[in-house]
There are 4 protein chains.
Amino acid sequence: MAAVLMLRGSARLLYKHRKVRAVSIAMVCSRAMASKTPVGFIGLGNMGNPMAKNLVKHGYPVVAYDVFPEACKEFQDSGAQVMDSPADVAERADRIITMLPSSPNAVEVYTGANGILKKVKKGSLLIDSSTIDPAVSKEIAKAVEKMGAVFMDAPVSGGVGAARAGNLTFMVGGVEQEFDAAKELLTCMGSNVIYCGEVGTGQAAKICNNMLLAISMIGTAEAMNLGIRLGLDPKLLAKILNMSSGRCWSSDTYNPVPGVMEGVPSANNYQGGFGTTLMAKDLGLAQITATNTKTPVPLGSLAHQIYRMMCAKGYALKDFSAVFQFLREEENL
Amino acid sequence: MAAVLMLRGSARLLYKHRKVRAVSIAMVCSRAMASKTPVGFIGLGNMGNPMAKNLVKHGYPVVAYDVFPEACKEFQDSGAQVMDSPADVAERADRIITMLPSSPNAVEVYTGANGILKKVKKGSLLIDSSTIDPAVSKEIAKAVEKMGAVFMDAPVSGGVGAARAGNLTFMVGGVEQEFDAAKELLTCMGSNVIYCGEVGTGQAAKICNNMLLAISMIGTAEAMNLGIRLGLDPKLLAKILNMSSGRCWSSDTYNPVPGVMEGVPSANNYQGGFGTTLMAKDLGLAQITATNTKTPVPLGSLAHQIYRMMCAKGYALKDFSAVFQFLREEENL
Amino acid sequence: MAAVLMLRGSARLLYKHRKVRAVSIAMVCSRAMASKTPVGFIGLGNMGNPMAKNLVKHGYPVVAYDVFPEACKEFQDSGAQVMDSPADVAERADRIITMLPSSPNAVEVYTGANGILKKVKKGSLLIDSSTIDPAVSKEIAKAVEKMGAVFMDAPVSGGVGAARAGNLTFMVGGVEQEFDAAKELLTCMGSNVIYCGEVGTGQAAKICNNMLLAISMIGTAEAMNLGIRLGLDPKLLAKILNMSSGRCWSSDTYNPVPGVMEGVPSANNYQGGFGTTLMAKDLGLAQITATNTKTPVPLGSLAHQIYRMMCAKGYALKDFSAVFQFLREEENL
Amino acid sequence: MAAVLMLRGSARLLYKHRKVRAVSIAMVCSRAMASKTPVGFIGLGNMGNPMAKNLVKHGYPVVAYDVFPEACKEFQDSGAQVMDSPADVAERADRIITMLPSSPNAVEVYTGANGILKKVKKGSLLIDSSTIDPAVSKEIAKAVEKMGAVFMDAPVSGGVGAARAGNLTFMVGGVEQEFDAAKELLTCMGSNVIYCGEVGTGQAAKICNNMLLAISMIGTAEAMNLGIRLGLDPKLLAKILNMSSGRCWSSDTYNPVPGVMEGVPSANNYQGGFGTTLMAKDLGLAQITATNTKTPVPLGSLAHQIYRMMCAKGYALKDFSAVFQFLREEENL
């Protein structure tokens with residue numbers, strides 16, 4: 001293993017002429033070689049908790065922090081070490097993973113009064129798995145670079161179940177020569193680790209995928225609902241769509257109409273799965289990103305509004321495929 | 001073959017108690033047994049012409065009509081017989097296929113002054129492959145039934161190329177026991193013949209599929225465009241979407257971004273394929289159908305408006321995947 | 001009165017050179033001169049009933065029909081004469097007003113088996129105050145003209161209250177030289193009678209107005225809701241909008257926010273006023289008309305979808321300004 | 001004048017118990033009493049330049065800064081004093097008005113390396129007339145308060161013409177007891193100065209108004225276009241709308257259809273007025289604000305997308321009423 005990592009260290013030398021970095025090779029090598037040195041983990045929520053536990057399972061000593069003491073307590077009971085602040089985590093670990101609910105939280109954890117950057121070591125690798133505005137990822141990356149450390153954004157797809165099972169998908173943005181170092185840790189938590197490009201592109205990939213997902217899910221719900229009202233059998237209609245040009249993941253893998261498929265949230269009263277409120281959040285990010293880049297996203301924009309309305313109409317905690325139910329409700333005077 | 005058809009005749013007897021029909025078994029059997037008796041074909045346009053020629057290739061004597069004399073002339077030159085009106089076609093053939101551009105045309109061809117119903121024989125099988133409002137299909141079906149004949153709607157998916165190659169997909173609505181008789185003819189022109197349910201459900205299936213297709217195509221164009229502006233490589237983004245929950249036919253089989261795939265309209269300046277103006281027509285049908293059934297279709301409705309605007313902005317004849325180009329155009333002052 | 005009517009008769013002569021009609025002057029004059037001859041009224045619903053009663057109040061003998069016997073009974077009790085069919089009404093009256101809920105009803109009443117046209121007298125004036133598709137109005141007009149009679153579309157704005165008070169607004173389409181004859185009757189029921197142009201333009205004017213009304217109502221609700229969430233006082237915000245470029249009827253005369261104005265539905269739990277289900281119907285007509293004329297109406301289309309969803313979410317019978325309440329509901333997990 | 005201002009100073013004492021401020025009365029009084037002491041002005045663009053000149057006309061010595069040297073030069077030639085940075089302006093003037101193109105510019109001018117806050121005097125009154133995200137206004141206000149100064153947001157409505165003529169409308173947010181001091185300066189540049197509430201509500205009022213304006217403008221364009229295609233005369237239709245519930249500022253004061261009104265951009269090929277690109281910017285702010293407050297704004301959101309598309313289709317510099325032209329373009333194959 002060490003040999004491979006050294007090689008990675010050498011590979012960096014080859015890249016060096018392309019992009020000069022403030023990170024000294026020596027620092028990075030020492031970090032990389034000691035692969036079972038402590039790994040920091042900040043954010044022990046529904047997703048972060050099982051992710052961090054998977055790191056522990058893979059033999060990494062985890063040094064953790066969460067703003068909620070109860071979250072820390074639970075994690076500590078499982079044998080991990082808990083710190084008093086992100087800064088303290090950074091003092092103890094030169095590889096840190098963060099998993100936070102929103103852009104402001106991420107900014108606070110990195111650049112706040114007791115943030116990581118207060119005590120970060122040169123050459124540290126900081127991986128943010130939160131889903132946030134890619135522009136914010138880029139700003140954090142700049143601040144991290146100034147301290148001589150490395151930042152990568154690595155948002156996940158897959159929910160709590162995938163987090164527990166360790167088969168999340170990570171979409172990673174950042175300097176390519178650091179990708180292997182990040183992958184070493186991320187493969188403990190996910191089955192799929194994809195390099196997307198420079199910092200922010202991990203977020204971009206996730207946002208774009210989820211925007212398209214929301215659009216095709218609502219589209220599937222509309223098409224199925226219309227077809228049913230026109231006399232088509234739901235299973236037959238799904239079959240026709242799936243062998244035709246209307247086919248999409250929402251129609252063939254996660255069909256929103258009860259009775260069409262088994263083992264999906266629509267078969268279980270829309271429980272479990274990916275919550276409407278989380279989809280609304282991701283669509284909000286897509287909206288802000290598109291607005292800031294002057295990119296027209298008419299359907300993405302309307303999808304956002306629909307999930308927003310669903311949140312206000314009692315669907316917040318249901319799976320996002322419940323849009324079928326939302327649209328299906330019949331008019332009655 | 002005759003045996004099978006007889007069997008089909010018997011099968012009809014079994015169904016008879018379920019749904020009494022005005023069609024006498026004797027008539028139907030005589031029609032079905034004489035499978036190479038003339039077949040009528042009305043509507044020799046871009047689609048109808050190659051469809052009718054495939055019937056000829058399969059050995060059926062075709063008796064045809066089109067409102068445009070030139071279309072008739074061209075078809076006559078290829079050896080077929082041409083009549084002076086739909087009524088005359090109905091006098092000569094007890095199986096007729098119609099392929100017309102819009103609901104009013106279909107109404108005229110069936111119930112007009114020189115329409116099919118003026119001279120239709122009892123027990124005739126009338127198959128309409130036009131894409132029209134399913135409510136109109138049902139009205140025509142009622143009028144046809146009153147004359148003791150059988151009507152099925154069988155709109156197609158697949159364009160002119162598929163019509164020529166004989167591998168269209170037919171979505172068929174009508175009495176189930178007539179499906180085999182219809183299939184016999186339709187398999188000469190298509191590789192896929194799907195029974196959808198009662199009259200109008202063929203139209204319903206097509207409309208629903210195309211509405212979902214339009215939505216996921218625009219969604220793919222939006223997601224790809226946003227991703228590219230955020231720094232993602234188009235091919236990489238397509239790959240990520242296609243292994244994730246954003247995957248759809250528009251992203252993995254017909255990607256709208258030039259350079260991502262070969263052999264699709266986006267690789268050929270959006271020429272060929274399925275024209276924007278045709279997609280706008282189908283979305284208009286979806287809109288009218290949804291309005292009449294009080295079905296909410298917010299994304300379908302906006303997709304319709306977008307294709308409508310594209311038609312007015314010079315995209316009418318381009319493939320409908322050109323929505324990527326339409327949305328991509330950069331702002332410049 | 002007779003003098004004035006003669007003058008009107010003469011005025012008609014002056015117009016004659018502009019547009020030759022199949023209606024003989026003699027017939028029309030005889031109809032017009034006998035201004036207190038019976039007037040037919042078909043459709044005695046929530047609107048039609050008080051409208052017909054206003055004709056009675058103005059001294060016109062009314063000959064009525066409604067498909068529901070109870071509606072006829074109630075009207076008969078108030079002293080009017082009730083017939084057995086639209087045809088019978090046409091036999092007795094050469095001026096008829098129809099007030100029906102939808103396009104198919106109108107088609108049936110005019111061209112059905114016992115419809116007006118079965119017994120209509122040459123030169124009769126038939127005024128349809130239903131709100132229907134202008135294309136249907138034109139078709140009915142053609143059928144009426146063939147019988148040597150005159151058809152005008154004259155949909156109303158104003159609800160049941162205005163119908164009772166006799167201050168509806170009529171938007172009238174049809175031959176201009178017949179406008180005065182129509183106005184004579186319509187002014188008994190409305191305070192505002194506007195000539196819009198040829199047949200169908202009355203419907204067009206109403207549909208366009210109501211589409212813009214729906215759009216600006218939803219817009220007002222969105223702007224007020226956003227402003228309130230951003231800390232603005234609702235009354236102050238309404239005042240600012242009303243002195244600025246955001247001003248509209250929905251903001252300054254019918255504000256949808258409870259507490260901003262008195263005497264409007266928002267001050268009374270959205271009771272009374274113009275029902276959401278009626279607005280959804282008018283927007284559906286706008287949608288179908290726009291689709292058939294290939295006119296892009298992106299906001300009108302989305303407004304339709306929003307009112308459609310409101311109907312399914314329990315708002316069908318509330319005033320259409322309840323869209324504020326619909327959008328305002330807070331997200332809560 | 002001094003008496004009035006003293007009174008204002010006293011009024012402040014009355015308010016003091018309600019909201020304790022870090023601003024010493026003494027400082028404020030000295031600022032207020034010396035009403036013709038220099039006033040700072042930062043941002044000398046199309047709007048800022050004529051606004052600052054109006055201050056000069058009213059006898060205020062203006063101390064100015066702009067990031068573009070040419071803008072400074074032009075202003076200097078007209079007799080004003082130009083500084084090297086916002087900080088230098090703050091050193092010379094205790095009342096400063098800023099007029100900047102976007103949120104990041106405002107943040108930079110206030111909190112940047114050479115920003116106002118580097119040298120701001122205690123008790124200074126800082127008024128930002130930029131149109132920016134109200135959340136950013138609030139953040140700037142906090143930073144300003146920490147320095148013992150006062151911040152108000154005061155975005156304008158009215159374009160370059162109104163800026164020159166001195167009849168802009170200012171919507172002002174901030175501590176109410178400072179409103180008179182702000183008004184003293186703002187009335188030199190505008191005819192209408194409205195107090196909206198706490199910091200950020202000026203922006204909120206402007207954003208809400210412009211969002212409703214965009215919605216009703218597009219709605220007017222759609223309704224007029226549909227009506228015209230249905231055979232209505234544009235002037236007549238406008239008249240009908242304006243006496244009905246569809247009436248709005250866009251229909252009765254700024255009609256987007258050429259030939260309906262004089263003296264508006266639609267009468268002059270959509271030149272002058274309020275540019276599409278500026279409307280798109282304001283709608284982007286509305287979108288971001290709505291997203292951040294989880295407020296559903298379906299029509300506002302779609303209006304944003306439509307203006308975004310217009311910018312990409314060559315309408316960026318045309319008046320925003322050109323949406324009529326954008327929607328009107330006919331389909332042609």
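Guide: Start with Lys206(A), which sits in helix H10 of chain A, residues 201-229. Helices here are DSSP runs of H or I with at least four residues, numbered from the N terminus. A word on the ground rules: this is a predicted model, where local features need pLDDT of at least 70 and side-chain atom pairs count only at pLDDT 80 or more, while totals for chains, interfaces and linings use all residues. Residues are numbered from 1 along each chain as its sequence is written, chains are lettered from A and ligands numbered from 1 in the order written, and side-chain values use heavy atoms, leaving out hydrogens and water.

Back to our lysine: an unreviewed UniProt entry lists Lys206(A) as "active site", though such annotations may be inferred rather than shown by experiment. Lys206(A) is buried, with a relative accessible area of 9%; buried means under 20%, using a 1.4 Å probe and protein chains only. Skipping neighbours within four places in sequence, Lys206(A) is in contact (heavy atoms within 4.5 Å) with Thr131(A), Pro155(A), Val156(A), Met171(A) and Asp282(A).

Now hop over to chain B and helix H13(B), residues 276-292. Its 17 residues reach 24 Å from first C-alpha to last, close to the 24 Å expected at 1.5 Å a residue, where the expected span is 1.5 Å times one less than the number of residues. H13(B) is mostly covered, with 14 of its 17 residues buried. Just after H13(B), Lys294(B) takes a positive phi of about 55°.

Technical notes. Helix = DSSP H or I, 4+ residues; strand = E, 2+ residues; numbered from the N terminus. Buried < 20%, exposed > 50% of the residue type's maximum accessible area, 1.4 Å probe, protein only.
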